[in-house]
Amino acid sequence: MSLSTVWPRRKVLTTIALGLMSLVVGKQAESEQAKSDEASVPTLVPPLFGDPLAPVRFCLWGNYTCGYTAQLFPILLNIALENRGKVSIEWHHFPQRRFDPALHVASLGFIATNRFWLFTRDFLGIMSKGGISDPEGLVINIAKYYGISEDTIRASLADQKKWEIVKNDFLTGKLLGIKGPPALFYNGYFLTPDGVPEDLPAFEKSLRDMVQKA
């Protein structure tokens, strides 16, 4: 029996699973914040773009080496930027390939300096143009561009708690019935159980219509 059969697309089950995940990552976030040397910088786990109280929240399970994630992410980002205060984006990790887990853990090193979303935008922007031959080098180059040292990235990779965050995101995604990235939830509803529609312009229009009616 497939996970999509066990977990039908009903908001109540999705909400329960997301609630369980929030308990796990919430405790990790509290621990991270308590030990942070940069207490004045908010550490958000999972990373959140926009107003935490926004009436519309997109939860995206994405992958930095996934071309479809690279296509969907800028659509969501533009919608959030155009609807400030009304739309937020919550990011979750769904690594698949050999290098993916390390790449996702490295991305968490950008949170403390409020550069996570810039990194995600830039990395996926390059990914959308035809793939990446040296992902590690690209992470370091983006970090340097935003004034983040290579040591910060290496410290992130050495932090076991960050590996746990990525692992928990992946396992929660599997629990929710996600087969592969990107997977998009709108206020708890699973919009892409069969993958992102091929007609992205039409899908974007549907998302914008839902936001306007919210």
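Trainee: Is the crossing of α4 and α8 right-handed or left-handed?

Mentor: In this predicted model, helix α4 spans residues 100-107 and helix α8 spans residues 160-175. The two pack with their axes 9 Å apart, at an angle of about 115°. Their crossing is right-handed.

Trainee: Which residues of α8 make the contact with α4?

Mentor: From α4, the contact is made by P101, A102, H104 and V105. The residues of the contact divide into five nonpolar, one polar and one charged. On the side of α8, the contact is made by K162, W163 and V166.

Trainee: How many residues does helix α3 give to the largest nonpolar core?

Mentor: The largest nonpolar core has 44 residues, and those with the most contacts inside it are F58 and F110. Helix α3, residues 67-82, gives the most to this core. Its contribution is eight residues.

Trainee: Which residues does F110 touch, not counting residues up to four places away in sequence?

Mentor: F110 is one of the residues with the most contacts inside the largest nonpolar core. Leaving aside residues up to four places away in sequence, F110 touches R115, F116, F119, V139, I142, A143, I148 and I153.

Trainee: Which residues of helix α6 are buried?

Mentor: Helix α6 covers residues 135-145. What covers its buried residues includes α4, α5 (116-127) and α7 (150-157). Just after α6, G147 takes a positive phi of about 75°. The buried residues of α6 are P135, G137, L138, V139, I140, I142 and A143.

Trainee: Why does C59 count as buried?

Mentor: A residue counts as buried when its relative accessible area is under 20%. C59 therefore counts as buried, with a relative accessibility of 7%.

Trainee: How many disulfides does the count come to?

Mentor: The rule asks for a pair of cysteine sulfur atoms within 2.5 Å. C66 counts as buried at 5% relative accessibility, and C59 counts as buried at 7%. By the distance rule, the count of disulfides comes to zero.

Trainee: Where does N114 lie, and what is its relative accessibility?

Mentor: N114 has a positive phi of about 55° although it is not a glycine. N114 is found in the loop between α4 and α5.

Trainee: Is N187 buried, partly exposed or exposed?

Mentor: N187 lies in the loop between β4 and β5 (189-190). Its phi is near 50°, a positive value in a residue other than glycine. Because its relative accessibility is 26%, N187 counts as partly exposed.

Trainee: Which residues does a cis peptide bond join?

Mentor: The loop between α8 and β4 (183-186) holds P182. Omega of the cis peptide bond is about -10°. The residues joined by this bond are P181 and P182.

Trainee: What pattern does the protein follow along the sequence?

Mentor: There are nine helices and five strands in the protein. Of its 214 residues, 47% count as buried. Read along the sequence, the pattern is α-α-β-β-α-β-α-α-α-α-α-β-β-α.

Methods
Residues numbered from 1 in each chain as written. Predicted model: local features only at pLDDT ≥ 70, side-chain atom pairs only at ≥ 80, totals over all residues. Heavy atoms only, no water. Buried < 20%, exposed > 50% of the residue type's maximum accessible area, 1.4 Å probe, protein only. Core = buried A, V, L, I, M, F, W, Y, C linked by side-chain atoms within 4.5 Å. Helix = DSSP H or I, 4+ residues; strand = E, 2+ residues; numbered from the N terminus. Contact = heavy atoms within 4.5 Å. Axes fitted to C-alpha atoms, helices over the stretch in contact; angles between N-to-C directions. Left-handed = near helix turned anticlockwise from the far one by under 90°. Nonpolar A, V, L, I, M, F, W, Y, C, P; charged D, E, K, R; others polar.
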